[in-house]
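I opened this notebook to record what I looked up in one model and in what order. The entries below follow my reading of it.

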Amino acid sequence: MENIEPDLAVCLLHNPARPEGLFPFLDALLAQADTVALEIIVVAGQPEHPALARLERAFPEITILESSGGDQPAKARNHACRLATARHLSFWDETIRPQPGCLAALVRFLDENPEAGLASPRIVDPEGMVQPSVRSAPSL
């Protein structure tokens, strides 16, 4: 079998207070993957949680890492970064629901703009309101 280099690593910090939050996110993510080869990495603070065992059975292609960062999200994200092998890296929250075409558009943008070090989506709430997450990047 040929190894395919993933286009996009999707790194997710799992919130153990919401163990079932992963399933709707992953269902939505995989439904929007289209032609994008995904590498999915879940960083979990409680890797022995029963929901994660169910997750491994339902999505065997996912990598689950034990968080080495305790309550420090940056350390947990760095842990995922070191493991990722995809051409592009992304960080997600399990409450986000990818929209049709967004993953292909993200990878296409990153491929066409190799000088871009960071890309951020427009975040829209369930009522269709754009969330105030877009800001201009700080200068060096």
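**Entry 1: His 88**

I began with His 88, which I located in strand E4. The model I am reading is predicted.

I then listed the contacts of His 88, leaving out residues up to four places away in sequence. His 88 touches Asp 7, Leu 8 and Ala 9, and also Val 107, Leu 110 and Asp 111. One of these, Leu 8, has His 88 as its bridge partner in E4.

**Entry 2: The strands around E1**

From Leu 8 I moved to the pairing of E1. I found E1 and E4 paired in the parallel sense, over five bridges. On looking up E2, I found that E1 and E2 also run parallel, joined by seven bridges. His 14 has Ala 44 as its bridge partner in E2.

I next asked how many of the residues of E1 are buried. Six of the seven are buried, so E1 is largely enclosed by the rest of the structure.

**Entry 3: The chain as a whole**

The protein chain has four helices and four strands, and along the sequence they follow the pattern β-α-β-α-β-α-β-α. Of the 140 residues in the chain, 31% are buried.

I also looked up how far apart in sequence the contacting residues are. Among contacts with a separation of 6 or more, 66% are between residues 24 or more positions apart. The accessible surface of the chain comes to about 9,100 Å², and carbon and sulfur atoms account for 54% of that surface.

**Entry 4: The nonpolar cores**

I asked which residues have the most contacts inside the largest nonpolar core. They are Leu 26 and Leu 55, in a core of 19 residues. The elements that give two or more residues to this core are strands E1 (8–14) and E2 (38–44), together with helices H1 (22–31), H2 (50–58) and H4 (102–112). H1 gives the most, with five residues.

I followed Leu 26 further. Not counting residues up to four places away in sequence, Leu 26 touches Ile 40, Leu 55, Phe 59 and Ile 62. I also noted a second, separate core of six residues, with Cys 11, Ile 41, Leu 65 and Ala 76 among them.

**Entry 5: Helix H1**

**Entry 6: Aromatic pairs**

I searched the whole structure for aromatic pairs and found two. Phe 23 and Phe 59 form a tilted pair, 6.2 Å centre to centre with 40° between the planes. This pair links distant parts of the chain: Phe 23 is in helix H1, and Phe 59 is 36 residues away in the loop between H2 and strand E3 (63–66). Both Phe 23 and Phe 59 are buried.

The other pair is Phe 25 with Trp 92. The ring centres are 5.9 Å apart and the planes are at 55°, so this pair is tilted. Phe 25 in helix H1 and Trp 92 in strand E4 (residues 88–92) are 67 residues apart, and their pair also links distant parts of the chain. Phe 25 counts as buried because its relative accessibility is 0%. Trp 92 counts as buried at 14%.

**Entry 7: Around Phe 23**

Finally I returned to Phe 23 and asked where the charged end of Arg 54 sits. The charged end sits over the ring of Phe 23, 4.0 Å from the ring centre.

I also looked up Ala 51, which has its place in helix H2. Ala 51 is buried, with a relative accessible area of 6%. Ala 51 and Phe 23 are 28 residues apart in sequence, and their C-alpha atoms are 9.3 Å apart in space.

Definitions and conventions. Residues numbered from 1 in each chain as written. Predicted model: local features only at pLDDT ≥ 70, side-chain atom pairs only at ≥ 80, totals over all residues. Heavy atoms only, no water. Core = buried A, V, L, I, M, F, W, Y, C linked by side-chain atoms within 4.5 Å. Buried < 20%, exposed > 50% of the residue type's maximum accessible area, 1.4 Å probe, protein only. Contact = heavy atoms within 4.5 Å. Phe/Tyr/Trp six-rings, centres within 6.5 Å; stacked < 30°, edge-to-face > 60°. Lys NZ or Arg CZ within 6 Å of the ring centre and 35° of its normal. Pairing = 2+ DSSP bridges. Areas by Shrake-Rupley, 256 points an atom, 1.4 Å probe, with all protein chains shown as cover.
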